[in-house]
Amino acid sequence: MNKVIFLIFLVIADQLSKYFIVKNLSIGESFNIFSFLDLYLILNTGIAFSFFDDGGVYGRWILVTLVLLVCVYLTYILFTEKLRKYESVALLMILSGEIGNLIDRTLWGCLLYTSDAADDTPCVDLGGRRI
């Protein structure tokens, strides 16, 4: 039960942070939080490095299906395998990210990326585009 609560908390935190960014920033606009962290609104309709970016409506639903299958598999592992505590936490964090991606792709047709480590480092998600 603790796993479910933690997972729900992570997904809600993910979606609330994205909601805040979408409501307060325009695409490509940034907001500095710390000296090493900026928030950006970046949209990615593809996958890593924007591959599959021009997949159209079929590409969107193919990616939704693939992410859903990954979520089902990770959930199966999480609740059927005997995992160490740190393995469960790591898997919960990965699963919450995948669920967030699933929500984004289903509702918006793209992924919403919001963070960037400043100081000449690339965007956290290298597939994101600054428009």
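Arg84 is exposed, having a relative accessible area of 52%, where exposed denotes over 50% relative accessible area, buried under 20%, and partly exposed the range in between, as computed with a 1.4 Å probe on protein chains only. Its side chain meets that of Glu87 in a salt bridge, with 3.8 Å from N to O; a salt bridge is here a side-chain nitrogen of Lys or Arg within 4 Å of a carboxyl oxygen of Asp or Glu. Glu87, at 28% relative accessibility, counts as partly exposed.

The model is a predicted one, in which local features need pLDDT of at least 70 and side-chain atom pairs count only at pLDDT 80 or more, whereas totals for chains, interfaces and linings use all residues. Residues are numbered from 1 along each chain as its sequence is written, and side-chain values use heavy atoms, with hydrogens and water left out.

The chain contains three helices and three strands, and read along the sequence these follow the pattern α-β-β-α-α-β; helices (H or I, at least four residues) and strands (E, at least two) are DSSP runs, numbered from the N terminus. Of the 131 residues in the chain, 36% are buried. Among contacts between residues at least 6 apart in sequence, 62% join residues at least 24 apart, a contact being heavy atoms within 4.5 Å.

Three salt bridges are found in the structure, and Asp14, Lys18 and Asp104 are linked in a network of them. Lys18 is buried, with a relative accessible area of 8%, and forms a salt bridge with Asp14, in which the closest N and O atoms are 3.1 Å apart. Both of these residues belong to helix H1 (residues 2–24), where Lys18 and Asp14 stand four residues apart, about one turn of the helix. Lys18 also forms a salt bridge with Asp104, and here the closest N and O atoms are 2.5 Å apart. This second pair links distant parts of the chain, since Lys18 is in helix H1 and Asp104 in helix H3 (residues 85–108), 86 residues apart. Lys18 and Asp104 are both buried.

Leu112 and Leu43 are 69 residues apart in sequence, yet 5.0 Å apart in space from C-alpha to C-alpha. Not counting residues up to four places away in sequence, Leu112 touches Lys18, Val22, Leu41, Ile42, Leu43 and Asp104.

Glu98 lies in helix H3. Glu98 is buried yet has no salt bridge, and the nearest side chain of opposite charge, Arg105, is 7.5 Å away; for charge, Lys and Arg count as positive and Asp and Glu as negative, while His and the chain ends are not counted. Residues up to four places away in sequence being left out, Glu98 touches Val67, Val70, Cys71 and Leu74.
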